[in-house]
Amino acid sequence: RIPDNGLLNLPKEERPAVMQSIVQSLAKLHGYDPKELGLLEGAKPFGKMGGFYERQIRTLQRTSEAQVSNSEGQVPAMKAMPELLRFFKDNMPPDRSCVIHGDWKPDNLILSKEAPRRVLAVVDWELSTIGHPMSDLANLCLPYHLGEFGKVVDYPPLGGDGSISEEEVLRSYCQAAGVEYPIDHWSFYTAFACFRLAVIIQGVAMRTSRG
């Protein structure tokens, strides 16, 4: 079955174990070496090694500006963007590259029917590329940083009642991926995930404004 992003359609007692499986599956994905898989070869490589966040930030900035322009005055520019871009520039984390999903969240996963439930398959690979592993992890943790707004955009609190904390998610990932906890530059990763979501929502508003 496919869970919702808050795991609310699962029995409460099963949610922590499901989150463990989700995090372990993500760590396994990030363990694949793009070079060993041959993803850097040929005329159309799967992605580029290095510079992921710099490229993404430039792309999202251009996308946001184009969305404002194409809305014919109906969608305003993001007031906080200049300050946010300065924050990104001044706090850029160390570069890392691996295979990433690009939109890692519970409703892009298929779970087994029987308990203990585990991840059987991952869907919606359209955004997959070679990038920074923390972009996937921060996307999974978006519900912890959206407050009540998360319910509006289909990112309700994980577990529904605070029973699964962000610290638990991060510790589980670090243990599975062999990464030191706490994760350095975590505020950067979550800020970028929120910025990316904001640009996506702005795009929806732009398309709505044009009918």
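A pocket, on a 1 Å grid over the protein atoms alone, is an open set of points where a 1.4 Å probe fits, with protein on both sides within 12 Å along at least five of seven lines, and its lining residues have an atom within 4 Å of a point. This is a predicted model, in which local features need pLDDT of at least 70 and side-chain atom pairs count only at pLDDT 80 or more, while totals for chains, interfaces and linings use all residues. Residues are numbered from 1 along each chain as its sequence is written, and side-chain values use heavy atoms, without hydrogens and water.

Let's start with the second largest pocket, whose volume is about 200 Å³ (the space filled by probe spheres set on the points). Its lining includes Pro94, Arg96, His132, Met134 and Tyr189.

Two of these residues lead us on to a helix pair. Met134 in α4 is among the residues that meet α7, and Tyr189 in α7 is among those that meet α4 (contact means heavy atoms within 4.5 Å). Helix α4 spans residues 133-140 and helix α7 residues 186-209; they pack at about 70°, with axes 9 Å apart. The two are therefore roughly perpendicular, a term for angles of 65 to 115 degrees.

Now for the largest pocket, with a volume of about 250 Å³. Of its 16 lining residues, Phe52, Gln56, Gly102, Leu127 and Arg196 are the closest to its centre. Arg196 is also one of the α7 residues that meet α4. Helices α2 (52-70), α4 and α7 each supply at least two residues of this lining.

How values were computed:
Axes are lines fitted to C-alpha atoms, for helices over the stretch in contact, and angles run from 0 to 180 degrees between N-to-C directions. Helices (H or I, at least four residues) and strands (E, at least two) are DSSP runs, numbered from the N terminus. Angles under 35 degrees count as roughly parallel, over 145 as roughly antiparallel, 65 to 115 as roughly perpendicular and the rest as oblique.
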